[in-house]
Amino acid sequence: MSNRVCKLPFKGTENQERELRALIQRLRDQEGALMPVLQGAQEIYGYLPIEVMEIIASTMGVSLEEVYGVATFYSQFSLNPKGRYKVSVCLGTACYVKGSGEVYARLQEKLGITTGECTPDGEFSLEACRCVGACGLAPVMTINEDVYGRLVPDDIDGILAKYQNA
């Protein structure tokens with residue numbers, strides 16, 4: 001997970017904050033409430049920006065360092081927003097042996113981001129995964145629900161163009 005600061009401004013709504021505060025009120029007295037609060041907050045916002053972690057810390061009466069520590073320790077949490085198009089490249093054994101590392105490198109170069117990051121325009125986010133269950137199509141990449149297989153680095157420009165012009 002990348003912990004680099006996101007360049008996109010936080011765009012939380014009043015409804016999201018109301019929902020977060022209600023969640024905290026409902027869970028705050030339970031033992032170990034921080035994990036389910038963070039999970040719920042990520043469901044509400046899609047990620048855990050510092051502004052949300054500050055609300056959690058102050059409302060639950062814990063330090064921001066504790067909230068941040070938990071959020072960065074567990075890989076299920078993201079500190080960066082996801083793009084409109086979520087790009088995931090399989091780096092599992094079958095895909096890697098067939099060249100997914102080079103496909104991933106081309107994506108990083110073309111998008112100007114790395115794992116866990118989002119492009120400045122909010123269009124693309126990039127993740128690496130271990131297996132998508134399509135080993136016969138190796139190497140494989142997904143963009144949202146679309147699956148692309150038997151990729152070579154030269155395929156990337158044309159695939160990204162479909163989404164950039166959508």
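Biologist: How many helices and strands are there in the protein chain?

Modeller: The protein chain has 7 helices and 4 strands. Bear in mind that this is a predicted model. Starting at the N terminus, the order is α-α-α-α-β-α-α-β-β-β-α. The C-alpha atoms fill a box of roughly 50 × 30 × 25 Å along the principal axes.

Biologist: And how many of the residues count as buried?

Modeller: Out of 166 residues, 43% count as buried. As for the surface, the chain exposes about 9,200 Å², with carbon and sulfur atoms supplying 50% of that.

Biologist: Which residues is Leu 38 in contact with, leaving aside its neighbours within four places in sequence?

Modeller: Leu 38 is in contact with Leu 48, Ile 56, Val 67, Val 70, Ala 71 and Phe 77. Contact here means heavy atoms within 4.5 Å.

Biologist: Why is the pair of Glu 127 and Lys 82 called a salt bridge?

Modeller: The cut-off is 4 Å between a side-chain nitrogen of Lys or Arg and a carboxyl oxygen of Asp or Glu. Glu 127 and Lys 82 come to 2.9 Å, N to O, so the pair qualifies. The two sit in distant parts of the chain, 45 residues apart: Glu 127 is in strand β2 (residues 124-129), and Lys 82 is in the loop between α4 and β1 (85-90). The structure holds 5 salt bridges.

Biologist: Why do Glu 127 and Lys 82 count as partly exposed?

Modeller: Buried means under 20% relative accessible area and exposed means over 50%, with partly exposed in between. Glu 127 has 25% relative accessibility, so it counts as partly exposed. Lys 82, at 32%, is partly exposed too.

Biologist: How do you know that Asp 154 and Arg 106 form a salt bridge?

Modeller: Their closest N and O atoms are 3.3 Å apart, and the limit is 4 Å. Asp 154 lies in the loop between β4 (146-148) and α7 (156-164), while Arg 106 lies in helix α6 (residues 100-111), so the pair ties together parts 48 residues apart in sequence.

Biologist: Is Asp 154 buried or exposed?

Modeller: Asp 154 is exposed, because its relative accessible area of 63% is over 50%.

Biologist: What makes Asp 157 and Lys 110 a salt bridge?

Modeller: Their side chains meet at 3.6 Å, N to O, and that is within 4 Å. Asp 157 is in helix α7 and Lys 110 in helix α6, so this pair ties together parts 47 residues apart in sequence. Asp 157 has 37% relative accessibility and counts as partly exposed. Lys 110, at 43%, also counts as partly exposed.

Biologist: And how far apart are the mean positions of the positive and negative charges?

Modeller: The mean positions of the 16 positive and 21 negative charges are 4 Å apart.

Conventions
Residues numbered from 1 in each chain as written. Predicted model: local features only at pLDDT ≥ 70, side-chain atom pairs only at ≥ 80, totals over all residues. Heavy atoms only, no water. Buried < 20%, exposed > 50% of the residue type's maximum accessible area, 1.4 Å probe, protein only. Areas by Shrake-Rupley, 256 points an atom, 1.4 Å probe, with all protein chains shown as cover. Lys, Arg positive; Asp, Glu negative; His and termini not counted. Charge placed at Lys NZ, Arg CZ, Asp CG, Glu CD.
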